[in-house]
Amino acid sequence: MMSNVHIIYTGGTIGMVDSPQGLVPGADLAGWLAGLLPPDRPAAPGLEALGSTTLTALEPLIDSSNATPESWQAIVDEVRAHASGHPDEPIVVLHGTDTMAYTSAALSYALAGLGAPVVITGSQLPLGAEGSDAEANVLGALRAAVSGRVNGVALFFGGLLLAGGRATKSSSWDLMGFASPVAPPLSRAASDSGPWEWTADVGGAGSSVPSITRAAPRPYARHDVVVIDMVPGITGARAAALLDPLPEAVILRAFGVGNVPSDEPGLVEAIARAIRAGTAVIIASQCHQAEVILGHYATGDAIARAGAVGAADMTLEAAYAKAQFLLAQGLTGTALAEAMGHPIAGELSPRR
C-alpha cells in the first residue's frame, strides 16, 4: 500500500544559504525535493511504499536557535490541520539541529495518540554544500515515515531513528549529531540503501496521565521555566539570586544521581523556599546516562526532603519540554512536580 507524505519545513541549516550576515533560510527547498523525488524515479530501497509528497513552509522560517514554545505550537497546529483531512498520512518535519531535540520532545507530548507517524530531521550542512547530509537524512526520515513501524514522534539523523522524547544533540559537526543516551535507537541504518535493524519496541507512547494526553491538549505558550546547573563552589546566595524572581518551574541539573552541594550554607534553603512559594523543582542529572534517585546519597536526600522531585532518566530536552507542556495544561507547583514522573510518550523509563 502506497503512503503519501506531508513535509513541513520550519527552517534550519538544511535550507540555509549564504548572506552578508551569515547563513540564513532561503534555499529552494521545493525545487530540491522535486529533484530528489522525481515522479518517474525508481523506488529506492525502503521507499517502495512512498507515494507523492506535499510541502508546507511555515512562516517565518527560522534558525532553530530562535525557536520558542510558540514555534512548537505552530508545528503542532500544522500537523493537526493536515491530519484532520488525511488522518493516516505520515508527516516529516524539517527543522534546525540546535533545538531539534527540544521540538521532538515537545511534539511527542502534544501529539500523543495522533495515529499518524511524525518524523523530524534536518542536517548539519546546507543542502547545497559539498558532502551535505541533507539528502541522506530526508530520505531516511521518509523511509521511517512510510515503514509502518513508527508510532508517535521520532527523530531520524545520521542513520539513527530515535524516539522523539529520548533524543539529545551530541555534536555540532559530526554527521551522527544526535544520540539517545538511555534508550536504544528505534532503528539503525547500516547504510543508505541497506536493510535497517529494528528494535522490538518502536512505539514510544503509553501514558499514565490520560487527562493530559487528550485529543486536543491546550496549546504551548511561553512559561517561565529556568534551567540551573550545579557547579563546585556555587553559593547559597547565588542560588537564591537565580530564583529571584521565582520562576514557575526549575530544572536543576545536579551531579550524578541527583546530588547537590548540600553543605553549602543557604543553598538547600533557597530551593526549599522556592518550593514553598509554589515553584516546582525538578532535579535532572548532568550525566548523559543517569537515573536520578534522590536520597541515594545524603546530598540528594536534603533536596528531596525539601520537596524537589527527580527527572528519572529524562534528557534535559525532554524534561524542559515536559515542564512547558504541563504548565500549558494548567498544572503548577506540587501537581506539576508529581506529573513529571508519569510518562506521556515514552520519555522516561517505567518506575521499577
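Me: Is Glu-70 buried, exposed or partly exposed?

Reply: Buried means under 20% relative accessible area, exposed over 50%, and partly exposed in between, computed with a 1.4 Å probe on protein chains only. Glu-70 has 37% relative accessibility and counts as partly exposed. This is a predicted model, where local features need pLDDT of at least 70, side-chain atom pairs count only at pLDDT 80 or more, and totals for chains, interfaces and linings use all residues. Residues are numbered from 1 along each chain as its sequence is written, and side-chain values use heavy atoms, with hydrogens and water left out.

Me: Which residue forms a salt bridge with Glu-70?

Reply: A salt bridge is a side-chain nitrogen of Lys or Arg within 4 Å of a carboxyl oxygen of Asp or Glu. For Glu-70 the partner is Arg-222, with the closest N and O atoms 3.6 Å apart. Arg-222 is exposed, at 57% relative accessible area.

Me: How many salt bridges does a search of the whole structure find?

Reply: The search finds 7. Another of the pairs is Asp-313 with Arg-166, whose closest N and O atoms are 3.3 Å apart.

Me: Are Asp-313 and Arg-166 buried or exposed?

Reply: Both Asp-313 and Arg-166 are buried.

Me: What is the N to O distance between Arg-276 and Glu-269?

Reply: Their side chains meet in a salt bridge at 2.6 Å. Arg-276 is exposed at 59% relative accessibility, while Glu-269 is partly exposed at 37%.
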